[in-house]
Amino acid sequence: MSPLGGVGVNLAVQDGIAIDRILAEPLLSGSVGTVELRRLQLRRLPTTRAVELLQAGIHRTVDPAVHGHRPIRPPAPVEWLLTTFPALTRIPARILGVGVTAEHAPDFARREEPTFDGAR
Ligand SMILES: Cc1cc2nc3c(=O)[nH]c(=O)nc-3n(C[C@H](O)[C@H](O)[C@H](O)COP(=O)(O)OP(=O)(O)OC[C@H]3O[C@@H](n4cnc5c(N)ncnc54)[C@H](O)[C@@H]3O)c2cc1C
């Protein structure tokens, strides 16, 4: 994975939540095997691949501009799509920020919501 976009920590947090949800119970009962690890891998693969695809696309646009001092512009069809349908810009933002499969902590790992004054 490229360092472009500084996505590593974001993915690491999502990975951690998925690990929590999928592996916590098997870990507690001492029964983590390849089946559980494979399940985790399959869960995280779509997001990892989607982020890599986005990064590859951004590299194709940015790299020549950086080295050739040309203005940074997305490929014409992408630029047309994004200017015609601005809502589409949410898709890469969503993939980079949340992932393809949004990860949610299991109930046992959730804190009670603090009240307005910070008390619990
Ligand atoms: C110089 C640099 C700058 C970066 N800047 C950014 C940035 O600005 N923004 C961003 O989002 N990301 C950034 N990253 C990427 C980010 O740090 C990583 O993507 C992220 O830390 C990965 O987290 P992780 O928990 O998956 O793995 P890691 O943080 O690598 O944690 C894995 C841990 O497992 C331990 N470990 C490995 N093997 C074993 C084993 N066999 N037994 C026990 N423990 C083991 C390792 O010691 C390590 O502590 C940067 C990375 C580098 C190197």
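Visitor: What makes Arg43, Arg44 and Thr47 contacts of Thr101, leaving aside its neighbours within four places in sequence?

Guide: They count because contact means heavy atoms within 4.5 Å, and Thr101 meets that cut-off with Arg43, Arg44 and Thr47. This is a predicted model, where local features need pLDDT of at least 70 and side-chain atom pairs pLDDT 80 or more, while totals for chains, interfaces and linings use all residues. Residues are numbered from 1 along each chain as its sequence is written, and side-chain values use heavy atoms, without hydrogens and water.

Visitor: How do you know that Thr101 has a polar contact with Arg43?

Guide: A polar side-chain atom of Thr101 lies 3.4 Å from the backbone oxygen of Arg43. A polar contact is a pair of N or O atoms within 3.5 Å; within protein, one must be able to donate a hydrogen and the other to accept it, and residues adjacent in sequence count only if both are side-chain atoms. So this pair qualifies.

Visitor: Why are H2 and H4 called oblique to each other?

Guide: Their axes, lines fitted to C-alpha atoms over the stretch in contact with angles from 0 to 180 degrees between N-to-C directions, cross at roughly 125 degrees. Under 35 is roughly parallel, over 145 roughly antiparallel, 65 to 115 roughly perpendicular, and the rest oblique. H2 and H4 are therefore oblique.

Visitor: Which residues meet where H2 and H4 pack?

Guide: Ala50, Val51 and Leu54 in H2 meet Pro92, Ile95 and Leu96 in H4.

Visitor: And which residues surround the ligand?

Guide: Gly6, Val7, Gly8, Val9 and Ala12 do, each with a heavy atom within 4 Å of it.

Technical notes
Helix = DSSP H or I, 4+ residues; strand = E, 2+ residues; numbered from the N terminus.
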